[in-house]
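Trainee: I would like to learn how to read salt bridges in a model. Could we work through a case together?

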Amino acid sequence: MNNAVFNFFDPGNEEIVHYEPGSEAREELIKEIEKLQSNEIEIPLIINGKEVRTGKTAKVVMPHDHGHVLATYHMATEKEVKMAVDAALKAHEEWSNLSWIIRSSILIKVGELISAKYRHLINAATMLGQSKNAREAEIDAACETIDFLRYNACFASKIYSDQPKSRFDQLNRMEFRAIEGFIFTVSPFNFTAIASNLNMSPVLMGNTTVWKPSTTSLFSNYHLMKIFQEAGLPDGVINFVPGKGSVIGNEVLSHKSFAGIHFTGSNKTFDWIWKKISDNLLTYKSYPRIVGETGGKDFIFVHPSANPIEVAVGIARGAFEYQGQKCSAASRGYIPKSLWKEIKENLLQICSEIKTGDVRDFKNLVNAVIDEPAFDNVMRYIEETKNSTDAKILCGGKGDKSKGYFIEPTVIETTDPHYKTMVEEIFGPVMTIFVYDDKDYEKTLQLCDETSPYGLTGSVFAKDRVAVAHACEKLRYAAGNFYINDKPTGATVGLQPFGGSRASGTNDKAGSDLNLLRWVSPRTLKETFMPATDFRYPFME
Ligand code: NAD
């Protein structure tokens with residue numbers, strides 16, 4: 001029996017593979033792309049470790065080449081959802097009682113499989129299925145997934161070793177129990193790493209899940225599930241249930257053992273889920289944990305002391321990488337009049353050099369948006385702007401969905417700080433700029449704070465340290481991840497725990513111990529060595 005007290009070390013971050021021309025890694029990646037695109041696969045449900053086919057199917061296509069089918073997937077009906085819940089509940093006892101060291105070692109093995117054996121596969125699947133270029137796929141599907149897995153083992157060590165004080169006459173302990181029941185995990189299309197982490201953080205703490213993956217990221221998510229299994233994840237610990245959100249949501253959220261939701265996605269979906277939970281509250285055995293990260297309207301705020309080139313690069317990368325489909329993507333900018341001319345020239349120059357197209361052509365920085373509804377939604381904002389008197393398009397503005405869902409990186413300038421595209425989440429490659437009078441720096445900070453309901457990410461560019469301090473203070477609640485002289489995207493596990501408040505979610509900071517703490521229900525144990533033998537107290541004499 002191994003009874004050593006073991007702690008996982010600080011792992012550091014996974015090194016990024018750059019896929020430069022001529023490299024072996026690039027060749028391997030291209031081979032994987034070719035293999036995946038030429039073999040259409042079938043994606044079943046995976047319940048209690050077994051493949052389940054319902055015969056109710058739909059197709060997975062490439063967003064940048066939507067005539068190309070990657071897979072046919074099976075959709076869950078109420079019956080399979082019930083099976084998944086039963087499987088998660090059955091697996092709970094053994095999994096939650098298993099040593100956390102063994103649970104962690106399975107996660108670390110998943111990380112190692114992705115790092116060494118399946119890196120190019122998971123990247124290629126993310127490129128083809130979610131239309132991410134090689135770099136975007138690498139920093140998400142490989143690096144961030146691995147970092148979440150390794151860092152969480154280290155964070156769990158910290159949690160489990162945090163114990164209350166004892167005395168000579170009493171021993172106090174804290175047992176970090178898994179939550180009683182099962183956890184519903186609902187993942188978005190835009191990050192393979194999020195899909196992994198939404199499951200793996202509750203699972204690490206001893207919970208079991210029913211996972212509803214996004215239909216538009218099923219290709220990479222299915223491969224992920226297969227890797228979890230290969231790493232030795234016991235049957236029933238994660239149950240992979242693709243299908244229609246409302247069908248699955250209705251069934252899961254009305255179960256008495258529903259114990260928590262780990263969600264990332266849009267406000268509309270999260271609001272629906274939260275309402276369902278309150279409607280069903282009296283059904284549940286425990287008050288469920290509600291953890292959800294939702295939308296953003298992320299800003300770049302520029303002070304007159306900023307460096308214009310740094311700002312232009314920050315906007316271009318922050319707003320247009322992954323087609324602006326990151327919850328943290330910059331989508332509104334506040335720029336002082338004195339710097340606008342130079343920033344605009346630099347920004348428009350950069351935009352003229354950005355290439356948009358298929359992920360399989362490595363020259364393209366910008367690829368397709370995820371599907372037709374997303375394309376139509378983004379284009380609606382652009383078309384409205386073309387007819388507006390309050391805003392004009394400085395570059396981009398064109399879209400073409402004939403082969404893939406391509407939209408050019410688009411910069412809008414508005415004279416109205418409350419113009420629609422300054423307020424609403426668009427989730428596409430669209431950046432709107434409001435130019436302010438230099439003397440109105442403080443006033444405009446206030447405007448930035450009050451313009452949108454979200455509070456996810458934002459950044460300030462300035463050389464003046466006092467101006468930075470003012471921005472930090474005035475925008476305290478405007479962003480849960482606040483950047484100084486940097487773009488507001490690219491949070492790294494272990495370095496910048498991620499999440500926002502206001503309409504952006506419950507701010508339970510993925511990539512930190514704060515998130516893991518939501519997935520335990522601690523029990524305090526006190527043992528008294530010399531129990532009292534007289535009921536009277538001295539004051540009674
Ligand atoms: P979405 O809300 O459309 O879908 C998210 C998931 O919810 C999908 O799996 C979907 O099938 C499922 N779903 C939909 N209706 C459901 C229902 N009734 N019951 C149960 N599940 C249901 O979001 P999306 O388009 O996949 O992702 C984009 C959104 O996610 C954006 O708003 C973005 O800002 C947000 N996001 C936020 C963060 C963050 O950390 N704050 C990170 C990534 C994405």
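**Reading the salt bridges**

Mentor: This is a predicted model.

Trainee: Which parts does the pair of Asp449 and Arg502 tie together?

Mentor: Asp449 belongs to helix α14 (residues 441-451) and Arg502 to strand β22 (residues 501-502), so the bridge links parts 53 residues apart in sequence.

Trainee: Is Asp449 buried or exposed?

Mentor: Buried means under 20% relative accessible area. Asp449 has 17%, so Asp449 is buried, whereas Arg502, at 37%, is partly exposed.

Trainee: How many salt bridges does a search of the whole structure find?

Mentor: The search finds 35. One of them joins Lys82 and Glu251, with the closest N and O atoms 3.5 Å apart. Lys82 sits in helix α2 (residues 78-97) and Glu251 in helix α8 (residues 245-252), so this pair ties together parts 169 residues apart in sequence. Lys82 is partly exposed, at 47% relative accessible area.

Trainee: What is the distance between the closest N and O atoms of Asp534 and Arg536?

Mentor: In that salt bridge the distance is 3.3 Å. Asp534 is partly exposed at 41% relative accessibility, and Arg536 is exposed at 53%.

Trainee: Which residues do salt bridges with shared partners join into one network?

Mentor: The network consists of Glu14, Glu112, Arg119, Glu138 and Arg150.

Technical notes:
Residues are numbered from 1 along each chain as its sequence is written. This is a predicted model: local features need pLDDT of at least 70, side-chain atom pairs count only at pLDDT 80 or more; totals for chains, interfaces and linings use all residues. Side-chain values use heavy atoms; hydrogens and water are left out. A salt bridge is a side-chain nitrogen of Lys or Arg within 4 Å of a carboxyl oxygen of Asp or Glu. Helices (H or I, at least four residues) and strands (E, at least two) are DSSP runs, numbered from the N terminus. Buried means under 20% relative accessible area, exposed over 50%, partly exposed in between (1.4 Å probe, protein chains only).
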